[in-house]
Amino acid sequence: MIVKSADFITSAVTPEQYPPDEGPEIAFAGRSNVGKSSLINCLVNRRRLVKTSATPGRTQLINFFRINAAFNLVDLPGYGYAKVPEKIRRQWGPMVRRYLSSRTALKGVVLLMDIRRTPREEEIDLLDWLLEKAIPCLPVLTKADKLSKHKQKLRAQAIAQHLALDRTDLIRFSAKTRLGKEQVWAAIEELVLPAVVSSRDAAMGAPFEENAT
Ligand SMILES: Nc1nc2c(ncn2[C@@H]2O[C@H](COP(=O)(O)OP(=O)(O)OP(=O)(O)O)[C@@H](O)[C@H]2O)c(=O)[nH]1
Ligand SMILES: [Mg+2]
């Protein structure tokens with residue numbers, strides 16, 4: 001993917017604050033501190049488009065970014081961090097579920113999991129819930145640079161087994177070394193491309209093939 005432009009659109013809590021529901025859109029979900037914001041920055045080759053922090057719970061709003069004036073990437077706030085104020089923690093579930101269940105533009109969710117940790121109830125629940133809603137899910141194991149290549153493979157195997165997935169379904173990623181970046185982009189492209197092409201077709205009033213000379 002060649003990223004020509006990446007712009008912050010807006011932050012939102014409630015649906016009224018979302019940008020127009022015009023697709024396609026890919027959301028990034030996962031435990032607090034897992035590396036969601038870092039992954040987005042790595043994908044778009046920007047150091048600080050999305051704020052990252054060593055303090056978990058940094059992203060507490062739904063942040064929308066527009067890429068190549070063609071599709072959106074959405075940074076969801078992380079769950080499961082105990083030190084986030086109670087009020088914000090209580091608002092997390094409904095805020096994210098409301099977004100995930102109401103957004104027509106949503107074409108898939110990248111579910112980030114720390115390669116060193118065994119997924120817990122939250123990840124399994126989210127996976128099941130996405131499956132039920134027929135929203136494609138792309139599981140990504142983050143911070144792979146923290147482990148040797150051999151250990152990465154063993155962890156990927158264990159996590160796949162735990163989630164009842166195939167090991168090849170899991171992408172190993174590192175924002176530090178950029179391992180897996182192209183693989184994540186390829187998977188995202190596969191999800192957003194049909195929608196981009198069909199909206200362009202609609203704008204042109206005819207399918208590409210018929211316009212081609
Ligand atoms: N070594 C290593 N550190 C990483 C990687 N990705 C993120 N980090 C670090 O992990 C911390 C959290 O990263 P963020 O990208 O802010 O995580 P987040 O999931 O957006 O966190 P919240 O916004 O709190 O939900 C930061 O200190 C990052 O530098 C990675 O691939 N490798
Ligand atoms: Mg973040």
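Two strands are taken to pair if DSSP finds at least two bridges between them. In this predicted model, strand β2 (residues 25-30) meets that criterion with strand β4 (residues 71-75): the two run in the parallel sense and are joined over four bridges. Within this pairing, Phe28 has Asp75 of β4 as its bridge partner.

Helix α1 (residues 36-43) packs on the sheet and touches β2, β4 and β5 (106-114). The direction of α1 makes about 145 degrees with that of β2. A further helix, α3 (residues 121-132), lies across β2, β5 and β6 (137-142). Relative to β5, helix α3 runs at about 160 degrees.

The wider arrangement may now be considered. The protein chain contains six helices and seven strands, and from the N terminus on its elements follow the order β-β-α-β-β-α-β-α-β-α-β-α-α. The strands of the open sheet, seven in number, are arranged as β1-β3-β4-β2-β5-β6-β7, with mixed pairing. Strands β1 (6-12) and β7 (171-172) stand at the edges with a single partner strand each, so one side of each has no neighbour in the sheet.

Of its 213 residues, 45% count as buried. Among contacts between residues at least 6 apart in sequence, 73% join residues at least 24 apart. The chain exposes about 11500 Å², of which carbon and sulfur atoms supply 51%.

Attention now turns to charged side chains. Side chains of opposite charge can pair when their charged atoms come close. A search of the whole structure finds six salt bridges. One of them joins the side chains of Glu25 and Arg103, with an N to O distance of 2.7 Å. Because Glu25 belongs to strand β2 and Arg103 to the loop between α2 (86-102) and β5, this pair ties together parts that are 78 residues apart in sequence. Are these two residues buried or exposed? Glu25 has a relative accessible area of 0% and is buried; Arg103 is buried as well, at 7%. Both values fall below the 20% limit under which a residue counts as buried. Glu25 and Arg103 are also linked with Asp21 in a network of salt bridges.

A second salt bridge is formed by Glu123 and Arg31, whose closest N and O atoms are 3.3 Å apart. This pair likewise links distant parts of the chain, with Glu123 in helix α3 and Arg31 in the loop between β2 and α1, 92 residues apart. Glu123 is buried, with a relative accessible area of 3%, and Arg31 counts as buried at 15%.

The salt bridge between Arg117 and Asp114 brings its closest N and O atoms to 2.8 Å. Here Arg117 is partly exposed, with a relative accessible area of 48%, whereas Asp114 counts as buried at 8%.

How many disulfides does a search of the whole structure find? The search finds zero. Cys42 counts as buried at 5% relative accessibility, whereas Cys137 is partly exposed, with a relative accessible area of 26%.

Conventions:
Residues are numbered from 1 along each chain as its sequence is written. Chains are lettered from A and ligands numbered from 1 in the order in which they are written. This is a predicted model: local features need pLDDT of at least 70, side-chain atom pairs count only at pLDDT 80 or more; totals for chains, interfaces and linings use all residues. Side-chain values use heavy atoms; hydrogens and water are left out. Buried means under 20% relative accessible area, exposed over 50%, partly exposed in between (1.4 Å probe, protein chains only). Contact means heavy atoms within 4.5 Å. Accessible areas come from the Shrake-Rupley method with a 1.4 Å probe; for residues, only the protein chains shown count as cover. Axes are lines fitted to C-alpha atoms, for helices over the stretch in contact, and angles run from 0 to 180 degrees between N-to-C directions. A disulfide is a pair of cysteine sulfur atoms within 2.5 Å. A salt bridge is a side-chain nitrogen of Lys or Arg within 4 Å of a carboxyl oxygen of Asp or Glu.
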